[in-house]
Structures are given as structure tokens and as C-alpha cells.
Amino acid sequence: MKAVVLLSGGLDSSTVLYQAKAEGMQCYALSFDYHQRHRQELEAARAIADSAGVVEHQCVHFDLRQWGGSALTDDRLTLPRDRDPEAMAQEIPITYVPARNTIFLSFGLAYAEAIAAPRVYIGVNALDYSGYPDCRPDYIAAMGKVFALGTKQGREGHPIEIHTPLIHRSKVEIIQLGNQLGVPWAKTWSCYSEGGGQTPPIACGHCDSCRLRLAAFQQLNLRDPLPYGAAARPGAS
């Protein structure tokens, strides 16, 4: 059975791709170059797609910098640094990109219908402290209705399903699942920074995404294989 898997190259989406493979899906990976600050994730997506042996890996290009509204698409906005989980949970952060998952799922839906794939996988996570509004179960349920009502396939009684295998898992549980599935963490990229302008790229260890990732590896007494800057939190390599 075919499935479109939205793949950023991060910890969550990479685990979802490997989960879809474990479920016997023929995976068609879909990534997005929206001129995000952390474009290194696109290199990670290519590496993960290759390692997973997907049938096809497409990358859609568009520019969300023209509107900004997020620290990931507007260089004038500063990334939050060294925040603890309580601070992250207080409000929707400035790294939220307006309507990003709605845009991504729309492309995923179009791709899935074009290739007759009955499933679209996305690595949203409702337990992540970032609290993005487009990663929550009620949002996914609403988008499921859009999938059913907004396509020929759906109106003919065969709606494309959205699969969210990580939505109720903690970061620790996601890493545990990824370890079982054989996800190559060293090929992934979670950092919101540009990679330090170095080769190989160096994760900052200070942004919300790095801190959540590092904390989860540390709770499992595991070493995150990504290279981090010298001032990163303990547990970084």
C-alpha cells in the first residue's frame, strides 16, 4: 500500500517514516523548502529518505519569508535560547510558522490523491512543550474532514487518511520507538539554527528544539550522536 510521508529530516518525521515502513507501506517522502532558517534539515531529509529506501522523495519549493511571522522565516526575529520546559509551555512560541502544517498537509493530500495513496503520515506531537496549534488532535481531526470533503477520492467514499503515530508520545517514547525501528539519529537534524556555517554542521544546543531533543536522550542515558557546540547542554556530543 502506498503512503505519502511528510519528512522534515527531524527526529519525529524520521521516526514516522521508519514506522510507516515497518507497517509495510510503500513510502513516498515529501519535504518542503520554504526558505526556513534551518535549511540544514533538507539535507537531513535527503539522507533519511535514502537510508529508508523510499520509492520517491519529492521536495516542494516556496518562500514563506515574504510574509514572515516566525523566527524560522524572519531573520529579524530572535530564536528563544536556553528555555526550560515550563517556559516553553507558557505560550505558543515565536518559532511557530503560520499555518505551516495546513500548507504541508495540503501538498501531501494532493500528492497522495495523484498517486492513489490512501494514507498521509505526519509526525505531529501534542505532548511536545512547544504547543503548536497545528500539532493537536482536534486540528488533525478537522483536517481529516477536509481530506474527506475536498477531494474526488473522498467524495467517492474512499477518503485519504491522516496517520499520526507519534501524536500522544513523549520525546523519550519517540526515541525509544526510533531505536526499535533503527532510525539513524546521526543523519537527522532538529536544530532551528543554520548549523553554525560549518561542515559538518553543528547544532546549537540552545534552541527549544535542541533542548527538548537533548533532554530526551539524557533521560534515557543515551548520547545524542549529533555534533553540538562546546557550550551546549550536558549530554551533547
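Where does serine 8 lie? Hello everyone, let's start there. Serine 8 sits in the loop that runs between β1, residues 2-6, and α1, residues 11-22. Please keep in mind throughout that this is a predicted model.

The UniProt record, an unreviewed entry, places a "binding site" feature at Leu7, Ser8, Gly9, Gly10, Leu11, Asp12, Ser13, Ser14, Thr15, Val16 and Leu17. Of these residues, Leu7, Ser8, Gly10, Leu11, Asp12 and Ser13 are included in the lining of the largest cavity.

Is serine 13 buried or exposed? Serine 13 has a relative accessibility of 6%, and because the cut-off for buried is under 20%, serine 13 counts as buried. Serine 8, by contrast, is partly exposed, at 29% relative accessible area. Serine 13 belongs to helix α1.

What do they touch? If we set aside neighbours within four places in sequence, serine 8 is in contact with Ser13, Glu41, Leu42 and Ala45. With neighbours left out in that way, serine 13 contacts Leu6, Leu7 and Ser8.

Five strands form an open sheet in the order β3-β2-β1-β4-β5, and the pairing is parallel. At its edges are β3 (56-61) and β5 (161-163), each of which pairs on one side only. On average, neighbouring strands here are turned by 25 degrees against each other, direction ignored.

β2 covers residues 26-33, and five bridges pair it with β1 in the parallel sense. Leucine 6 stands opposite leucine 30 of β2, and valine 4 stands opposite tyrosine 28 in that strand. Seven of the eight residues of β2 are buried, so β2 is largely enclosed by the rest of the structure.

Which strands does α1 touch? Helix α1 packs on the sheet and touches β1, β2 and β4 (119-121), with its direction at about 170 degrees to that of β1. Helix α2, residues 40-52, lies across β2 and β3 and runs at about 165 degrees to β3.

Next, a residue in β4, namely arginine 119. Arginine 119 is buried, with a relative accessible area of 18%. Not counting residues up to four places away in sequence, arginine 119 touches Met1, Lys2, Ala3, Val4, Glu23, Met25, Ile160, Glu161 and His163. With glutamate 23, a polar contact of 3.5 Å joins the two side chains.

Last stop, helix α7, which spans residues 171-181. Its buried residues include Lys171, Val172, Ile174, Ile175, Leu177 and Gly178. Against what do the buried residues of α7 pack? They pack against α1 and against α8, residues 208-219. Just after α7 comes glycine 182, with a positive phi of about 80 degrees.

That brings us back to α1, where we began.

Definitions and conventions: Residues numbered from 1 in each chain as written. Predicted model: local features only at pLDDT ≥ 70, side-chain atom pairs only at ≥ 80, totals over all residues. Heavy atoms only, no water. UniProt positions renumbered as here; feature names shortened; annotations may be inferred. 1 Å grid on protein atoms, 1.4 Å probe; cavity = no way out; pocket = protein on both sides within 12 Å on 5 of 7 lines; lining within 4 Å. Helix = DSSP H or I, 4+ residues; strand = E, 2+ residues; numbered from the N terminus. Buried < 20%, exposed > 50% of the residue type's maximum accessible area, 1.4 Å probe, protein only. Contact = heavy atoms within 4.5 Å. Pairing = 2+ DSSP bridges. Axes fitted to C-alpha atoms, helices over the stretch in contact; angles between N-to-C directions. Polar contact = N/O pair within 3.5 Å; in protein donor to acceptor, adjacent residues only side chain to side chain.
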